[in-house]
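Okay, thanks everyone, let's get going.

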Amino acid sequence: MADLSFPPGFVFGAGTAAFQIEGATAADGRGPSIWDTFCAEPGRVAGGDTGEPACEHYRRWPQDVELLRRLGVDSYRFSVAWPRVRPTGSGAVNRAGLDFYERLVDGLLAAGIEPALTLYHWDLPQELEDGGGWRARDTAHRFAEYAAVVAGALADRVPRWTTLNEPWCSAFLGYGNGVHAPGVRSGTPALAAAHHLLLGHGLALEALRAAGVREAGISLNLDHVSPADPDSPADAAAALRARTQRNLVWTEPLLRGRHPASEADTWGELIGRQDFRRDGDLAVIAAPMDFLGVNYYTPATVRAAPYAEPDPSLRDATDNRFAHVRDPRARHTAMDWAVVPDTLRELLVGLRDEYGAALPPLYVTENGSAEDDLPGPDGTVRDTDRIAYLDGHLRAVAGALAAGVDVRGYYLWSLLDNFEWSYGYGKRFGAVHVDYATQRRTPKSSFAWYRELISRHRASS
Ligand code: FCB
């Protein structure tokens with residue numbers, strides 16, 4: 001790793017999200033979220049896993065802050081559970097919920113770790129879902145109110161704020177193909193959800209500014225998309241549809257204040273009358289951000305394909321006439337995700353080339369791999385595949401920096417093994433192994449590797 005270096009001030013971090021680690025889903029007045037409901041429906045989550053016990057972080061957070069301190073990270077990225085702070089999404093504020101995050105933030109600061117707070121990592125209060133969830137415009141306004149409440153309590157101590165984490169998942173997994181909560185399969189309503197998430201981001205940004213937050217942005221899971229056959233015009237068009245669904249639907253409104261020119265070819269009839277869009281929305285959505293967070297795991301290779309569902313009235317919003325092609329040369333992680341690290345460099349350089357001065361500074365806000373980690377007889381986990389994954393992707397970030405891209409930091413996903421959404425507890429992304437039965441935490445070899453990288457960086461800058 002001696003040849004892997006980063007500029008002075010580069011932020012090294014690690015991340016988690018509320019529903020994935022906290023547990024305590026009924027403690028201290030927390031209301032139900034769409035993920036509690038979804039987990040309770042048979043067949044939705046592998047093994048019938050739920051948000052309990054997760055990592056019992058709600059109680060064990062001091063131990064987790066101590067792990068972060070030992071890791072030596074500059075910053076910790078976590079999310080606030082909306083249903084802890086405002087249990088029904090629109091009624092009274094729950095002081096006990098806010099208190100938890102105040103304790104956590106104070107604990108981080110006392111340990112010399114900069115808190116990086118995400119307002120929404122997918123745990124919508126169930127009562128808002130009952131009123132339409134993100135399909136309803138009203139939810140964007142409720143989100144801005146919630147942002148104001150959290151910022152009112154924490155703006156003085158939290159320097160870096162993210163509105164939404166991966167709105168693509170909320171819109172297209174939540175309301176498109178239905179593999180995430182609330183588990184709705186739909187066409188046009190999923191596109192309305194995407195729009196209302198963007199609007200909610202813009203309105204929340206206004207609330208954060210009003211509370212004095214200076215560093216605010218959004219985290220997007222952006223894809224590196226390649227056509228299966230580089231010489232095929234049909235595959236090139238399919239790749240553009242995939243990029244539209246994954247990337248451009250977010251980056252064009254946020255960074256250019258317009259909808260992607262390729263949206264009609266991507267969604268056809270589903271775009272419909274667009275009555276969920278109103279005059280003035282794009283100006284709210286495109287308000288300047290201080291950074292763009294990029295979450296990155298694996299590239300996509302796609303080929304042209306017919307609609308999976310020929311009838312537009314039955315078609316879901318992820319059905320855009322492209323199909324994924326497996327890369328036979330790449331190693332695949334336990335998620336069956338191809339490992340091709342240099343695609344992260346290409347993605348970051350591509351963003352800069354495409355958006356130029358309109359692109360704010362970047363952070364890689366998530367990157368990591370799930371591996372089939374098995375503790376050895378001595379309890380240690382030698383996760384050499386994860387180390388190779390992290391090494392490769394950090395080299396890709398260094399490559400983007402060398403090409404002049406303004407990347408300010410990197411957050412490893414994840415500090416802890418945790419609840420991996422519809423995969424449940426079976427997929428482990430942590431630098432720290434968690435035994436869910438005993439809640440014992442055991443740092444893996446990758447923890448020591450990352451700690452060493454950070455301490456070398458400190459020593460040399
Ligand atoms: C991202 C999510 C994060 C985690 C990783 C593996 O899509 O933001 O919560 O599940 O994937």
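Let's start with helix 5, where Gly97, Leu98, Phe100, Tyr101, Glu102, Leu104, Val105, Gly107 and Leu108 are buried. Buried here is under 20% relative accessible area, exposed is over 50%, and partly exposed is in between, with a 1.4 Å probe and protein chains only. Helices (H or I, at least four residues) and strands (E, at least two) are DSSP runs, numbered from the N terminus.

Before I go on, the ground rules: this is a predicted model, where local features need pLDDT of at least 70 and side-chain atom pairs count only at pLDDT 80 or more, while totals for chains, interfaces and linings use all residues. Residues are numbered from 1 along each chain as its sequence is written, and side-chain values use heavy atoms, with hydrogens and water left out.

Back to helix 5, residues 95-110. What covers its buried residues? The cover includes helix 1, helix 3 (57-71), strand 2 (75-79), helix 4 (82-85), strand 3 (114-120) and helix 7 (138-154), with contact meaning heavy atoms within 4.5 Å. Helix 5 has 16 residues and reaches 22 Å from first C-alpha to last, close to the 22 Å expected at 1.5 Å a residue; that expected span is 1.5 Å times one less than the number of residues. Just after the helix, Gly112 takes a positive phi of about 80°.

Gly212 follows helix 9, and its phi is positive, near 95°.

Now the rings. A search of the whole structure finds 34 aromatic pairs. The criterion: rings of Phe, Tyr and Trp (its six-membered ring) pair if their centres lie within 6.5 Å, and planes under 30 degrees apart count as stacked, over 60 as edge-to-face, the rest as tilted. Take Phe291 and Tyr363: their centres are 5.3 Å apart and their planes at 85°, so this pair is edge-to-face. It links distant parts of the chain, with Phe291 in strand 7 (residues 291-295) and Tyr363 in strand 10 (residues 362-367), 72 residues apart. Both Phe291 and Tyr363 are buried.

A tilted pair next: Trp337 and Phe429, 6.0 Å centre to centre with 50° between the planes. Trp337 is in the loop between strand 9 (322-324) and helix 13 (342-355), and Phe429 is in the loop between strand 11 (407-413) and strand 12 (432-435), so the pair ties together parts 92 residues apart in sequence. Trp337 is partly exposed at 25% relative accessible area, whereas Phe429 is buried at 2%.

There's also a cluster: ring pairs link Phe19, Trp35, Phe38, Trp122, Phe419, Trp421, Tyr425 and Tyr436. Keep an eye on Trp421, which is not a glycine but has a positive phi of about 50°. Trp421 lies in the loop between strand 11 and strand 12, and it counts as buried at 3% relative accessibility.

For charges over rings, the rule is NZ of Lys or CZ of Arg within 6 Å of the ring centre and within 35 degrees of the ring normal. Arg246 lies over the face of Trp168, 3.8 Å from the ring centre. The charged end of Arg315 sits over the ring of Tyr307, 3.3 Å from its centre.

Most residues other than glycine have a negative phi, and most peptide bonds are trans. Where do we find cis bonds? One joins Ala181 and Pro182, with omega about 5°, and another runs from Trp413 to Ser414, with omega near 15°. Pro182 is in the loop between helix 8 (167-173) and helix 9 (188-210), and Ser414 is in the loop between strand 11 and strand 12.

Last bit, the strands, which pair if DSSP finds at least two bridges between them. Strand 12 and strand 13 (residues 440-443) run antiparallel, joined by 4 bridges, with Asp435 partnered by Arg440. They form a hairpin with 4 residues between them, and Gln439 in the turn has a positive phi of about 65°.
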